[in-house]
Amino acid sequence: MPYAKSGKNNFSQMSRRALLRNAAVIGSATLAGSAVTGASASGANNLPPNVPQWMKVPGDPMGSQPYGTPSLFEKNVVKNISKNLPQYLSASGRTPLQDLDGIITPNGLFYERHHAGVPAIDPAQHRLMLHGLIERPMIFTMEDIRRFPSISRIHFLECSANPGYKKPYGRTASDLVGLLSCAEWTGVSMKLVLQEAGLRPEAKWVIAEGADAAALSRSIPIEKCLDDAMIVYSQNGERLRPQQGYPLRLILPGFEGNMNIKWLRRLHVSAQPAYSREETSKYTDLLPDGTAREFTFVMEAKSIVLRPSGGQRLTETGYHEITGIAWSGRGTVRRVDVSVDGGWNWQEAELQEPILPKALTRFRLPWHWDGQPAIIQSRATDETGYVQPTLAELIAVRGENSFYHNNAIWPWRIAADGEVSNAAND
Amino acid sequence: MLQMIKAHAIALAAVCLVTVTGATAQTGYGIGRTATPAEIAGWNIDIGRDGHGLPAGSGSVNHGREVFQNQCAACHGDKGQGGIGDRLVGGKGTLASSKPVKTVGSYWPYAPTLFDYIRRAMPQDAPGSLSNEDVYAVSGYILNLNGLLPPDAVLDARTMAAIKMPNRKMFVGDTRPDVENPACERDC
């Protein structure tokens with residue numbers, strides 16, 4: 001296992017029932033308290049030339065898990081939720097990006113950010129209201145929404161503060177940029193719904209509001225609403241999770257996460273933005289001269305190496321694949337360059353198909369580690385030609401108090417013993 | 001040549017599609033029903049930065065002090081100095097410093113936003129539970145703590161919309177992309 005986690009697997013947290021159920025599989029490894037992911041001593045009974053234990057008895061019968069969950073051995077791959085947040089009603093939980101493959105985030109690991117907890121909404125009692133500068137104010141049931149022609153598209157979603165500009169920066173890739181996920185969304189074109197109600201010419205903004213206890217509201221320019229905005233009810237093939245806005249949410253491809261209103265209940269078509277608390281006192285970008293940018297919607301091009309990355313360890317020299325993800329709120333990723341020498345030299349990585357607009361794109365580069373200390377990092381270029389900047393370049397313009405929209409290159413330091421850490425914290 | 005023909009065919013198909021879509025949009029899908037004025041009035045809680053949508057009623061700074069102690073102080077501190085909840089008071093003159101303090105007084109551009117936000121989202125454990133009079137009063141008290149209203153003030157739709165927040169003119173548009181990485185490849 002080339003990138004062993006430095007943390008130990010904690011089987012003491014496993015439920016007693018789960019332990020009993022899997023006692024036959026785990027065997028004496030649990031009793032000895034050693035990690036089962038490595039070639040532990042007990043595991044030798046299951047290794048050649050011996051026949052493994054799980055071939056000698058039948059497994060769980062059909063129906064043991066009406067809704068499937070990951071293997072018990074993946075128990076540590078969970079959302080990254082800080083244990084010392086000031087509160088947990090307005091809080092966020094991160095995707096463990098470094099433990100995932102491909103470009104799609106499993107629904108159970110999709111990042112979360114809510115401002116007054118997660119409401120439990122009965123879809124039969126949920127309504128979407130459309131009013132303001134339209135010919136016909138409308139009310140839709142969930143059944144109504146699902147009658148419209150449907151569309152499915154793959155898009156990333158990223159919190160605009162992911163991460164901040166100040167030290168200390170996160171230890172792992174998830175700590176750094178884990179407020180990022182990507183899914184296939186299914187719903188209806190927002191344009192279609194607005195056209196159904198008949199937009200008036202003076203309509204310039206749509207104020208969207210959630211049915212959570214924060215009644216979170218954000219203003220969206222009409223151009224975006226008539227471009228690629230979606231009103232969605234499904235995520236990766238199943239209905240939205242409650243944490244993702246069940247039963248209905250907005251997806252504004254490439255725009256900061258906060259605008260993608262969850263638990264969507266109301267669309268107020270207007271000539272003016274609302275200047276809501278979320279788009280004035282929050283989600284505005286303070287600059288060193290005391291001015292602040294408002295209505296900063298687009299998430300600019302960004303990338304990060306996920307393996308190897310902070311908190312992992314290279315246990316062997318020789319061949320390693322460097323892999324990570326790149327994305328841009330302005331369209332497709334055109335190329336990703338990787339440096340393994342602290343940024344002196346860069347080489348183009350291979351982009352994994354599919355390369356989709358405003359979606360995560362996976363990149364890879366074969367690498368031979370000679371056992372010497374190294375600094376590795378990636379740099380994305382999107383279809384507009386925009387190049388992901390360094391943190392120093394961003395801070396030179398925005399200072400350290402801008403808080404939002406930090407899309408800097410993140411360097412990982414690999415020590416001689418193989419430990420990987422965040423070089424930006426040095 | 002074959003490619004050109006193909007391109008023409010695609011273009012033609014696109015024109016047809018647009019025509020069909022256009023016709024469909026005109027007739028509509030007939031999905032959903034009309035929202036009544038009463039339904040809209042019950043749900044529309046948006047208040048414009050100019051005070052548009054502010055309800056009737058009023059509240060005094062004095063009453064706001066009581067509301068604040070009962071409903072807000074546990075999270076925001078008894079003087080709005082912050083706690084589990086955001087700091088609400090002070091920070092004037094700090095925004096261009098290395099340690100900016102963003103509060104209602106130092107940062108928020110529009111006073112009516114206070115009413116909008118408190119009514120829709122506060123207090124965190126019982127949003128929507130305050131009367132309009134309480135929301136006016138507690139908004140007035142927070143503005144008073146920031147030196148933006150005298151202690152004997154009474155806030156209503158007209159007086160709230162008339163308040164000039166000190167930081168109003170400090171917001172600018174999005175000028176990104178604002179950095180240009182030269183994308184050096186060798187001996188950088």
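This is a predicted model: local features need pLDDT of at least 70, side-chain atom pairs count only at pLDDT 80 or more; totals for chains, interfaces and linings use all residues.
How exposed is Asn236(A), judged by its C-beta neighbours inside 10 Å? Asn236(A) counts as partly exposed, because it has 18 such neighbours. Asn236(A) belongs to the loop between strand E10 (230-235) and strand E11 (238-239) of chain A. Its phi is near 50°, a positive value in a residue other than glycine.

Phe295(A) also has a positive phi, near 55°, and is likewise not glycine. This residue is located in the loop that runs between E15 and strand E16 (302-307) of chain A. Phe295(A) is partly exposed, since 19 other C-beta atoms lie within 10 Å.

Let me turn to the layout of chain A. Its division gives domain 1 (3-74), domain 2 (112-289) and domain 3 (302-425). Between the centres of domain 2 of chain A and domain 3 of chain A, taken over C-alpha atoms, there are 29 Å. In the contact between them, domain 2 of chain A contributes 27 residues and domain 3 of chain A contributes 26. On the domain 2 side, strand E6 (151-158), helix H5 (173-177) and strand E14 (285-286) of chain A give two or more residues each. By class, that side of domain 2 of chain A has 17 nonpolar, 6 polar and 4 charged residues.

One cis peptide bond in chain A joins Lys167(A) and Pro168(A), with omega about -5°. Pro168(A) sits in the loop between E6 and H5 of chain A.

Asp341(A) lies in the loop between strand E19 (333-339) and strand E20 (347-348) of chain A. Asp341(A) is exposed, because 12 other C-beta atoms are within 10 Å. Ala374(A) is 33 residues from Asp341(A) in sequence, and the C-alpha to C-alpha separation of the two is 6.0 Å.

I now come to the contact between the chains. Chain A provides 56 residues and chain B 48. On the chain B side, strand E1 (33-34), helix H2 (37-43), helix H5 (112-121) and strand E4 (171-172) of chain B supply at least two residues each. H5(B) makes the largest contribution to that side, with 5 residues. The side of chain B that touches chain A comprises 25 nonpolar, 10 polar and 13 charged residues.

Strand pairing also links the chains: strand E15 (residues 292-293) of chain A runs parallel to E4(B), joined by 2 bridges. Within this pairing, Ala292(A) stands opposite Phe171(B) in E4(B).

Finally, in chain B, a cis peptide bond joins Met122(B) and Pro123(B), with omega about -10°. Pro123(B) is placed in the loop between H5 and helix H6 (132-145) of chain B.

Definitions and conventions:
Residues are numbered from 1 along each chain as its sequence is written. Chains are lettered from A and ligands numbered from 1 in the order in which they are written. Domain bounds come from an automatic or database domain assignment. Two residues are in contact if their C-beta atoms, placed from the backbone, lie within 7 Å. Helices (H or I, at least four residues) and strands (E, at least two) are DSSP runs, numbered from the N terminus. Ala, Val, Leu, Ile, Met, Phe, Trp, Tyr, Cys and Pro count as nonpolar, Asp, Glu, Lys and Arg as charged, and the others, Gly among them, as polar. A residue is buried if 20 or more other C-beta atoms lie within 10 Å of its own, exposed if 12 or fewer, and partly exposed in between; C-beta atoms are placed from the backbone. Two strands pair if DSSP finds at least two bridges between them.
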